[in-house]
Amino acid sequence: MGTDRLDLLLDQFDCARERAQVRLAGLGDEEYLWEPVADCWSIRRRAEARTPRAFGPGDWVLDQGAPDIPPSEYAEVARQAADGMSVAKIAEDWSVGVPRVEEVLAHTGPVLPDRTPITTIAWRLGHLHYGFAGGWEWTFGERRRDPKLMVDFTPDASLALERFWTAVDRWREAVATVTDEQLDTVGFSQYPYGSDPDDPFVDVLWGGNLEFIHHMSEIALLRDLWQHRA
């Protein structure tokens, strides 16, 4: 294991990727699309989309609900403000109005847990996939394609995994070339959905690793529930 910042982040990512690939072995179409409860977020045919902002370039789209800041993210909004982001920029980041951000920043009472949508494995993989594809495009690519239109979502689990690992490996290969100076460069990634343009790239990588790990953990849990379903 390396000891500099990039080596540590790459080692962490590689370990998580290896475990994730083992956990995803043998994923079938039925399990991939399984909805453990009613009103899950998933991928659906465009005409059957249930959420107001479902997106994708093809016949299948990824569910996305109405924009809001859930209570579980109030601390993140406070962090953004403390780091110097303007209220207008935070509102743009979360796709909400300025009054909603001001309401969150003024909140002083206990934060109750929000009702986070339950998702399918297909949704989790699709969410990660467009993130990796868009992350590469807006860091190492031409910085012009909308990440939400870069992944052709599919109900075929094997095809989805093949495309997903290709995007992951391209991201990993590019990140390995980053210099110390680039790690410290604010806005080295211009990914349009989030705070990447305002963050040093080392923070972006750390956050990306965390995103990968927690979504893969959720996928592993869904696989366990599938095995023990009634």
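Which side chain is joined to that of Ser189 by a polar contact?

The structure is a predicted model, in which local features need pLDDT of at least 70 and side-chain atom pairs count only at pLDDT 80 or more, while totals for chains, interfaces and linings use all residues. Residues are numbered from 1 along each chain as its sequence is written, and side-chain values use heavy atoms, with hydrogens and water left out.

**Stop 1: Ser189**

Select Ser189 together with Asp196: a polar contact of 3.0 Å joins their side chains. A polar contact is a pair of N or O atoms within 3.5 Å; within protein, one must be able to donate a hydrogen and the other to accept it, and residues adjacent in sequence count only if both atoms are side-chain atoms. Ser189 is found in the loop between helix H8 (180-183) and helix H9 (201-227). Helices (H or I, at least four residues) and strands (E, at least two) are DSSP runs, numbered from the N terminus. With a relative accessible area of 1%, Ser189 is buried. Here buried means under 20% relative accessible area, exposed over 50%, and partly exposed in between (1.4 Å probe, protein chains only).

Next, display the surroundings of Ser189. Setting aside residues up to four places away in sequence, Ser189 touches Trp138, Thr139, Arg143, Asp196, Pro197, Phe201 and Val204. Contact means heavy atoms within 4.5 Å.

**Stop 2: the aromatic pairs**

A pair of aromatic rings is described by the distance of the centres and the angle of the planes. Rings of Phe, Tyr and Trp (its six-membered ring) pair if their centres lie within 6.5 Å; planes under 30 degrees apart count as stacked, over 60 as edge-to-face and the rest as tilted. The structure holds 16 aromatic pairs. In one of them, the ring centres of Phe140 and Phe188 are 6.1 Å apart and the planes stand at 75 degrees, so the pair is edge-to-face. This pair links distant parts of the chain, 48 residues apart: Phe140 is in the loop between H6 and helix H7 (157-175), and Phe188 is in the loop between H8 and H9. Phe140 counts as partly exposed at 24% relative accessibility, whereas Phe188 is buried, with a relative accessible area of 15%.

Then select Trp171 and Phe201. Their ring centres are 6.3 Å apart and their planes are at 70 degrees, so this pair is edge-to-face. Trp171 belongs to helix H7 and Phe201 to helix H9, 30 residues apart. Trp171 is buried, with a relative accessible area of 11%, and Phe201 is buried, with a value of 0%.

**Stop 3**

Move to Trp123 in helix H6 (residues 121-137). At 9% relative accessibility, Trp123 counts as buried. The side chain of Trp123 reaches the backbone oxygen of Asp63 at 2.8 Å. Beyond its neighbours within four places in sequence, Trp123 is in contact with Trp41, Ser42, Leu62, Asp63 and His215.

Now select Gln64, in the loop between strand E2 (60-62) and H3. Gln64 is buried, with a relative accessible area of 17%. Its contacts, not counting residues up to four places away in sequence, are Trp41, Thr51, Pro52, Arg53, Ala54, Phe55 and Lys148.

**Stop 4: helices H4 and H5**

Select helix H4 (residues 87-94) and helix H5 (residues 98-106), whose axes come within 8 Å and cross at roughly 105 degrees. H4 and H5 are therefore roughly perpendicular to each other. The contact is made by Val87, Ala88, Ile90 and Ala91 of H4 with Val98, Val101, Glu102 and Leu105 of H5.

Angles under 35 degrees count as roughly parallel, over 145 as roughly antiparallel, 65 to 115 as roughly perpendicular and the rest as oblique.

**Stop 5: positive phi values**

Finish with Ser95, in the loop between H4 and H5. Phi of Ser95 is near 60 degrees, a positive value in a residue other than glycine. Ser95 is partly exposed, with a relative accessible area of 38%.

Definitions and conventions:
Axes are lines fitted to C-alpha atoms, for helices over the stretch in contact, and angles run from 0 to 180 degrees between N-to-C directions.
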